[in-house]
Amino acid sequence: MRITDFFALVYSPAALAGNAARVNDLNNFSLSRPFRILWLASSSTGTYTFNFQIAGTQTYFFQAQVNSSAIFPSNRLKPFELPAPIDLKPGDQLLISTTDTSGSSNTIQLTFGGGFLG
C-alpha cells in the first residue's frame, strides 16, 4: 500500500503540573483508513519524557520513556523521522505516557505525521 493523503494526528492533552505524569493516556484518532506514521514533532513549554504503544500490544516504541530534548532539540518543530514506519489500522488506539521534567506547568503537544494508505 502507498500513501494517498498526507496528514498529521495531534495529541494535545491538558497541561501537566510540575513533575506530574499522565500514564497510558488512550487516544483514539478515529481513523477510517489505515495510517502510516513516518515522523514525530513536538511543541511544549518545558522538558518532558514520553513513550507510546499501540493499545493491545506489549511493544512500546522506545525501550523506556525518552527525554523530549533528546528527540526534539531546542523544542523546535523539527520532525524526528522514525527509523521504521508505524502502521495503524482503523480502530487502533495509541497509549501515550508523558512525564513533566521541567518542575513547572507544562503544555505538551505531540504530532504524529504521515499519511493514509490506499
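A charge sits over a ring if NZ of Lys or CZ of Arg is within 6 Å of the ring centre and within 35 degrees of the ring normal. The views below show a predicted model.

**View 1. R33 sits over the ring of F116.** The charged end of R33 lies 4.5 Å from the centre of that ring.

**View 2. Four strands form an open, antiparallel sheet.** Their order is β2-β7-β4-β5. Strands β2 and β5 stand at the edges. Each has a single partner strand, so one side of each is left without a neighbour in the sheet. Strands of a sheet pair through backbone hydrogen bonds.

**View 3. Strands β4 and β5 are joined by two bridges.** Strand β4 covers residues 48-54, and β5 covers 66-67. The two run antiparallel. Here F50 stands opposite V66 of β5.

**View 4. D25 lies in strand β2.** This strand spans residues 21-27. D25 has a relative accessible area of 22%, so D25 is partly exposed. Leaving aside neighbours within four places in sequence, D25 is in contact with Y11, P13, L94, L95 and I96. T57 is 32 residues away from D25 along the chain. The C-alpha atoms of D25 and T57 are separated by 15 Å.

**View 5. The rings of F52 and F61 form a stacked pair.** The whole structure holds nine aromatic pairs. In the pair of F52 and F61, the ring centres are 5.2 Å apart and the planes meet at 10°, so the pair counts as stacked. F52 is buried, at 3% relative accessible area. F61 is partly exposed, at 25%.

**View 6. Ring pairs link aromatic residues into a cluster.** The members are F29, Y48, F50, F52, F61, F62, F72 and F112.

Methods. Residues are numbered from 1 along each chain as its sequence is written. This is a predicted model: local features need pLDDT of at least 70, side-chain atom pairs count only at pLDDT 80 or more; totals for chains, interfaces and linings use all residues. Side-chain values use heavy atoms; hydrogens and water are left out. Buried means under 20% relative accessible area, exposed over 50%, partly exposed in between (1.4 Å probe, protein chains only). Contact means heavy atoms within 4.5 Å. Two strands pair if DSSP finds at least two bridges between them. Rings of Phe, Tyr and Trp (its six-membered ring) pair if their centres lie within 6.5 Å; planes under 30 degrees apart count as stacked, over 60 as edge-to-face and the rest as tilted.
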